Amino acid sequence: MKTTRLIDLVPHIILIAGVLIFAYPIYVTLIGSTWDSGTIGRGGLPLWPGGQGMANYAQAWAGEAGDRAMYTPVRTMMLNSLVMALSIALGKIAISILSAYAVAFFRFPLRMAFFWLIFITLMLPVEVRIIPTYKVVADLGLINSYAGLAIPLIASATATLLFRQFFLTIPDELLEAAKIDGAGPVRFFIDVVLPLSRTNIAALFVILFIYGWNQYLWPLLVTSSGDMETIVTGITKMIGTGESANDWHIIMATTVLAMLPPVAVVVFMQRWFVKGLVDSEK
Amino acid sequence: MATVEIRNVRKSYGPVEAIKGIDIAIRDGEFLVLLGPSGCGKSTLLRMVAGLEGITGGEIAIGGRVVNHLDPKDRDIAMVFQNYALYPHMTVFDNMAYGLKIRGIPKAEIRTRVDKAAEILELGRFLDRRPSQLSGGQRQRVAMGRAIVREPAAFLFDEPLSNLDAKLRTQMRVEIKRLQDRLGITSLYVTHDQVEAMTLADRILVMNHGVAEQIGTPLEVYQRPASLFVAGFIGSPPMNVLDGRIDDRGEAVLVPGGQRLALPQPRPTDAGRAVKLGIRPEHLAVAAAGFSIEIELVEALGADTVVYGRLPDGETLLVRMAGIPTVRERDRLTVAPQDGALHLFDAATGRRME
């Protein structure tokens with residue numbers, strides 16, 4: 001009896017150790033955001049919360065300036081990041097579900113050619129085509145705009161492939177039943193395909209929102225004014241090159257704030273996700 | 001309610017001809033069963049009537065109107081699929097109402113029609129459930145409900161009972177029959193199950209390799225099979241088929257082993273001709289003279305008994321006897337066909353000789 005209990009404990013111990021290892025840096029960041037810059041700067045950061053939390057967060061959220069440098073306020077950067085991440089996630093889902101619907105349900109000339117064209121773009125990451133993309137966006141006058149931030153990242157072969165694979169599992173009879181019921185392609189899409197794709201959409205939204213939120217290279221290139229700064233590029237710009245000391249307390253507070261939206265999306269969408277899995281009707 | 005006419009309908013997939021010219025006029029309110037083995041083209045024919053497959057040649061008319069180029073929704077038909085094809089995310093009510101909603105029928109009328117169908121099919125308690133919360137039989141009833149509420153000119157059934165277990169299949173078969181009697185809607189029903197065909201059909205269209213082997217009432221198809229294929233397909237256990245030759249005077253059939261079976265009417269013109277002789281297992285009975293068999297296997301089914309016998313020349317002869325077995329394996333038995341139980345088929349073409 002006792003031995004089995006011990007064996008049961010082992011996985012828990014391993015898991016708890018893993019969680020501690022992953023959580024520790026986040027904990028340090030959280031603690032760091034509650035002390036003043038002097039304490040952090042001396043290198044002796046305690047492992048318990050300090051008293052500067054409220055002041056640090058207020059300064060990061062609304063402040064134009066830290067103790068030593070000028071920044072874009074976090075609220076502006078958060079808004080920019082949110083608009084960009086939402087545009088990318090929703091745009092990718094909209095574009096890819098439509099193109100997957102076309103490829104999976106319709107027979108048209110060059111259908112497989114289009115499918116392979118989409119597929120091939122999988123092999124070209126953003127970084128490879130970044131210079132031509134920049135040229136196009138610049139010529140269109142989209143530098144320093146939300147459209148410039150989001151549109152070039154919206155096309156998605158991965159999401160198209162995922163939706164296509166899911167659509168192929170929808171039985172042909174369902175489409176035929178809908179045809180006999182009198183539903184055209186648009187109605188079938190809205191009334192049947194979209195509701196059946198709910199859980200896939202939710203899962204993709206989580207992944208794509210985080211993908212959009214964490215974009216670094218593209219926003220760095222395509223924004224130059226502080227008003228359009230996203231939070232991920234903003235944080236790196238707060239960290240100086242060594243000529244001056246950094247406002248670590250504000251950087252840490254900003255980092256904690258930057259983590260909140262992705263965490264919120266995961267927590268909120270996970271409930272949908274599980275709900276979709278529990279009353280699965282497929 | 002309407003007639004369905006199929007005139008010389010053909011279907012080709014590239015060079016492959018799947019349906020080689022089918023002709024049949026289905027009367028208003030008739031229940032026609034398309035029966036055949038898998039791959040015979042019966043489902044393709046049904047799907048051509050539904051508008052889910054293009055028509056390569058010929059014409060299909062529903063209610064006197066040629067529908068070759070009409071979309072499925074404009075053909076005034078409703079279809080029941082083998083795997084039910086219910087919309088998984090909709091309730092039973094919405095599943096039945098969907099087609100009506102699209103057609104812009106007023107809400108109150110939809111309510112009335114669905115309620116009526118639900119009452120006929122005893123689905124009233126399940127209207128708020130999802131298909132996933134129903135059993136196979138209930139799902140198939142919902143699929144039928146979806147067809148009924150449309151009040152179509154014709155019902156098309158594509159092997160609707162194949163996904164159900166044996167007991168439920170028997171029960172649903174009776175329900176379908178009762179429903180069709182009550183509603184009197186012209187129906188086309190595809191199956192490979194001869195029992196379904198025999199019990200449901202007003203007429204059966206037996207198909208093989210894309211051609212109609214025979215069109216007739218269930219009893220016609222059973223009593224006067226038009227070809228060896230039909231003879232072997234209808235009836236369980238299947239008909240015994242022996243090689244034979246009509247004697248020189250055209251009065252009897254000679255079978256290997258020296259048996260001589262008198263023909264009901266002499267056929268002098270066929271004297272000396274090679275034939276296939278068909279005898280149903282249930283039309284053989286113990287007799288003083290006739291086929292002498294050694295019993296190899298006895299299948300006791302309760303109500304009757306199927307005996308697998310071997311003829312002296314090595315051929316198998318099936319005999320179906322009423323009641324529980326009175327013989328045992330390795331027994332010897334002499335059986336003879338009842339009067340008028342012989343079916344003659346041309347040895348070369350397999351067609352029935354009248």
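Biologist: Which side chain of chain B meets A:D181 in a salt bridge? Please set the answer in the context of the interface of chain A and chain B.

Modeller: In this predicted model, the partner of A:D181 is B:R150, and the N to O distance of their salt bridge is 3.9 Å. That pair counts as a salt bridge because the rule asks for a side-chain nitrogen of Lys or Arg within 4 Å of a carboxyl oxygen of Asp or Glu. Across the interface of chain A and chain B, two salt bridges are found. Polar contact between the chains amounts to eight residue pairs, with both residues at pLDDT 80 or more.

On the side of chain A that touches chain B, the elements giving two or more residues are helix 9 (172–181) and helix 10 (185–196) of chain A. Of the elements on this side, helix 9 of chain A gives the most, namely eight residues. By residue class, the side of chain A that touches chain B consists of nine nonpolar, seven charged and two polar residues.

As for extent, chain A brings 18 residues to the contact and chain B brings 24 residues. The area buried between chain A and chain B is about 1,900 Å², and carbon and sulfur atoms give 62% of this area.

How values were computed. Residues are numbered from 1 along each chain as its sequence is written. Chains are lettered from A and ligands numbered from 1 in the order in which they are written. This is a predicted model: local features need pLDDT of at least 70, side-chain atom pairs count only at pLDDT 80 or more; totals for chains, interfaces and linings use all residues. Side-chain values use heavy atoms; hydrogens and water are left out. Contact means heavy atoms within 4.5 Å. Buried area is the accessible area (1.4 Å probe) that two parts lose on being put together, summed over both. A polar contact is a pair of N or O atoms within 3.5 Å; within protein, one must be able to donate a hydrogen and the other to accept it, and residues adjacent in sequence count only if both atoms are side-chain atoms. Helices (H or I, at least four residues) and strands (E, at least two) are DSSP runs, numbered from the N terminus. Ala, Val, Leu, Ile, Met, Phe, Trp, Tyr, Cys and Pro count as nonpolar, Asp, Glu, Lys and Arg as charged, and the others, Gly among them, as polar.
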